[in-house]
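Hello,

Here is the structure you asked about. My notes on it follow below.

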Amino acid sequence: MSRRQAAQNARAKHRTELLRQMIRIRRFEERCVELYSAARIRGFMHLYIGEEAVAAGILQAVGAGDAVVSTYREHGHALARGLPMDAVLAEMYGRTTGCSRGRGGSMHLFDASRRFYGGNAIVGGGLPVAVGLALADAMRGRPQVTVCLFGDGAVAEGEFHECLNLAALWRLPVLFCCENNLYAMGTRLDRAQAEVDLAVRAASYGMQARAVDGMDVLAVAEAADQAVEKIRTEPRPQFLELRTYRFRAHSMYDPDRYRDKSEIERWKEADPIPRLKHRMTEDGELTGRRAAAIEADVDREINAAIEAAEAGPLEPVEDLTRFVYSERP
Amino acid sequence: MPALGADMTEGTVLEWLVKAGDTVRKGDIVAVVDTDKAAIEVECFTSGTVSAVLVPVGSRVPVGTPLAVLAAGPGMTEVGPTQDERGPAPETVPHVEPGPPAEVRLATPPTRKFAAESGVDLTTVHGSGRDGRVTHADVARAIAARTSLPAGRVRISPYARKLATELGVAVSSLSPTQARRAIHARDVRAAAQRRAERAPVRHSQDAEAMRRAIGALMARAKREIPHYYLSTTIDLHTAVEWLREHNLHVPIPERLLPAALLLKATALAARRAPQLNGHWVDDSFRPADSVHLGTAVALRGGGLLTPVILDAADRSASELMAELRAAVTRARTGALRSTDLTAGTITVTNLGDNGVESVHGVIYPPQVALVGFGAITSRPWAVDGLLGVRPLVTATLSADHRASDGATGARFLSRIAALLQQPEEL
Amino acid sequence: MTTYREALRAGLRDALEHDERTFLMGEDVGRYGGCFAVSLGLLEEFGPDRVRDTPLSESAFVGAGIGAALGGMRPIVEIMTVNFSLLALDQILNNAATLLHMSGGQLNVPLVIRMTTGAGRQLAAQHSHSLEGWYAHIPGLRIVAPATMEDARGMLWTAVQDPDPVLLFEHGTLYNVSGELAPDAGAVDIDHAVIRRPGTDVTLIAYGGTLRTALDAAGELADSGVDAEVLDLRTLRPLDEPAILDSIARTHRLVVVDEGWRSGSLSAEIAARVAEKALYELDAPIERVCTAEVPIPYAQQLEHAALPQQADVVAAARRAVG
């Protein structure tokens, strides 16, 4: 095999993996909608549909020792980080087998073993924690990166500005990833923020910042790879603005009073999954049969997760007050 | 009806976008539902044909109620996910108040509302109206009865009340140090002290004063305590034989009387019947940790005292005999100890010496039970189908119905009887 | 003789010396030496990595303390005064207190937050809060209030070793107080209340800045023949309920001294628990001596009138004893 062919194969493999990850997240959430409607899942549930390229592209760039801090719209982040789908769905079912033992639900997925520091339901609330995780790594001389995901809404919060400043001041290894889906719940970016170029604002804190097409998983992955590489060679925070869009409501269902249906349709034309499929087909990296096989695999994984969640035991009520304080021997 | 939000428990169908016979595809919007927060489009998760619309426009149904039935379309094998979750039938007719069941009182809606707002359970209210209808005035009376406090409520600190019980000081006999102030622990202690100072001369008190005290206490018992009474006849053949045998081998001062066995059996049975052994204080029963047996002693000059044998269940029959003698002596010489007045947790009265067959006594407050024994007399008695002559005693129990029920009392008396069949164990 | 400030500093030095995972961060803890000079000299001793000056970003550096704790460190965060802690309330309540539970037991937060609390220095409304009772409302936090030299010296080390977040409240009027501290004084427990003065007639419950007031009141009461017991809570959450109930069972009367506002306060919690669990031990209504329900005013006579004073405690105890 020629060197060129080997590189082509590696690229095809990489792209297939990105595609598989996005399809996994998409199909998982589509089933979550059904399960929510049937009242199997309750509480708030924020869907990521449309934004899959960000999770898939960013989280492939970091390794097992790196840390990830997420938001309440984090099913995609959790799955791309490698949390087992069983554990994620069981959590949404409120089962003991859930990744937070049924105490977190959709918005609070955690996995200490995968350094996934979870869903934070306070907009901007995860940023200080990410700064601290990076501080600990820096103080202990570990070469790790902390990925901090948040939305455009967080940019309006004071914590965003405090944290970008602190991370830049202390040269901490944080990759700030702003998933700009244009709406903070129902408030469009330009109705809430005087400067809508978010990368410009981040750059003002003395860190490298760039905006990326968040609907193009290849662009996201490349930008993330470069940023992580840079942080590892010269510890300093980096900022990526991922311009993306959510196809569904803020939380499960909303009347979409705040945006035009035609706007949603326009963005759907940029759907990252067909976009990557098209690119790979053109490059001879994907066949219809291969795509169907991915779908079938994902379907099996989801069905198994549903079965496991349905069968999962409930945490006994007697254990209600556990985990308020650490259990001591 | 799909769950369309965290706080949604029911929804109203605003519009159907499909009708029976229509073909639908997965992802189609089929209806619009009002969730109180907003009108939300309902999407369909499977493809197929609408075979029936179950919930008409305008109806409000709980989450989980099937809205429509989908038949699997050509090449489709699935049906709607909520179809097999049979929810309650939709409410499409105006709510009709059902007729009252037999036990429910009749009342007009305003009266009902008045009662509900005042927290009055109508079934507990006497209806003075036509056909036993509960009227507004009936409810008002129920409220008034509920809120009126017992007359002459004493202002006393909780600790002082507890202390008064412990020291056997009647709360009604107390007065505060200063007028218009509450009674505190110091007032209780002072009262107990005054009583202790008076105690040595108790025997010289005139019979009239004692008569009054007994009268007041017994009147209170009869007024406040809902007594119930049980009795049983106990065969003492084995016990009397055992006593005769026992007494042959011990010096005269150590000889036992049947009373010792009766006390011991009562104490042991009381220990296993916590609902009968303790005090009724502040509208609740407080079981005692130990059995302190009050023994009613009639005084020669008239009147009655009940000295107490502490921890009676833990003492041997011989010790009880000695204690009983000491108690009688204390009572008759007026040398009662403070525990004699207050520590008793259950009392025994034995009028056998006076020849009566049985005694249905009055409970000594704040205790909740009193055991009475009549005379031990030889009578015909059937044993194993044969008639014989046996020494029999009638044991009675007067017990406080607030603290126990008849079944408890019955078990207690049976246990006394059973214990007396094995005197060597006592 | 040593001062409360020096005792605290000795505790900090202890922690920094004995556990390399500890570091101190906060506003002006380094070059300035701490707003109240508690950390004076520590920067020179331990360097800027472990004695970190932060920007005025309470939420960021308290949250960074949480993150660093998750990352294996044992951070000690100083918030200059309790009023500024409100800017970090999101991190304290939504993250530090909840992460362990929300993650099903996976993520404990071994973080210590120190802050100054209390009034009495004519600092006016925004620098005179006593919000430790507020924080004591929150499950997942442990709240401690050192009132003595020994506790100032020894509570920090115990707090640093705790697997969960501990908030340590230092009353602003105590820093200059001096007293004896044994040269070998070391770590103390943060689980139990302590009787600072045994007595039989009435229990005075106090903590932190009000302990001195209660002890002085007890002294005055003794002169008139009232033997008051003074119980120092030390730990405001979880409350040492058995110690409180034991004392009530001896004295049958209670005065709670709390610099917090009365409504919905720690004193209210204590009164409620005594009413729930020791009503039949009470020989008099529970008395509370709290701060008047006003923002703390600047003028000395007004501030004095707003705060619990020795005379108020004596009067309350006399009412209770009757």
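Please keep in mind that this is a predicted model. I begin with a helix of chain C and the sheet it covers.

The partner of β9(C) is β11(C), residues 228–232; the two run antiparallel and are joined by three bridges. Within this pair, Arg197(C) is opposite Val230(C) of β11(C).

Elsewhere in chain C, helices α1 (residues 4–18) and α8 (residues 149–161) pack together: their axes come within 7 Å and cross at roughly 25 degrees. An angle under 35 degrees counts as roughly parallel, and α1(C) and α8(C) are therefore roughly parallel to each other. Their crossing is right-handed. On the α1(C) side the contact includes Tyr4(C), Leu8(C) and Leu12(C), and on the α8(C) side it includes Met149(C), Leu156(C) and Trp157(C). By class, the residues of the contact between α1(C) and α8(C) are eleven nonpolar, two polar and two charged.

In chain A, helix α2 (residues 52–59) packs against helix α9 (residues 217–233) at an angle of about 35 degrees, and the axes are 8 Å apart. The crossing of α2(A) and α9(A) is right-handed too. Ala53(A), Val54(A), Ala56(A), Gly57(A) and Ile58(A) come from α2(A), and they meet Val217(A), Val220(A), Ala221(A) and Ala224(A) of α9(A). Eight of the residues in the contact of α2(A) with α9(A) are nonpolar, one is polar and none is charged.

Last, the two chains touch: 34 residues of chain C are in contact with 34 residues of chain A. On the chain C side, the elements that give two or more residues are α3 (58–70), α5 (89–96) and α6 (99–102). α3(C) gives the most, with eleven residues. The side of chain C that touches chain A has 14 nonpolar, 17 polar and three charged residues.

Regards

Conventions:
Residues are numbered from 1 along each chain as its sequence is written. Chains are lettered from A and ligands numbered from 1 in the order in which they are written. This is a predicted model: local features need pLDDT of at least 70, side-chain atom pairs count only at pLDDT 80 or more; totals for chains, interfaces and linings use all residues. Two strands pair if DSSP finds at least two bridges between them. Helices (H or I, at least four residues) and strands (E, at least two) are DSSP runs, numbered from the N terminus. Axes are lines fitted to C-alpha atoms, for helices over the stretch in contact, and angles run from 0 to 180 degrees between N-to-C directions. A crossing is left-handed if the near helix is turned anticlockwise from the far one by less than a right angle, and right-handed if clockwise. Two residues are in contact if their C-beta atoms, placed from the backbone, lie within 7 Å. Ala, Val, Leu, Ile, Met, Phe, Trp, Tyr, Cys and Pro count as nonpolar, Asp, Glu, Lys and Arg as charged, and the others, Gly among them, as polar. Angles under 35 degrees count as roughly parallel, over 145 as roughly antiparallel, 65 to 115 as roughly perpendicular and the rest as oblique.
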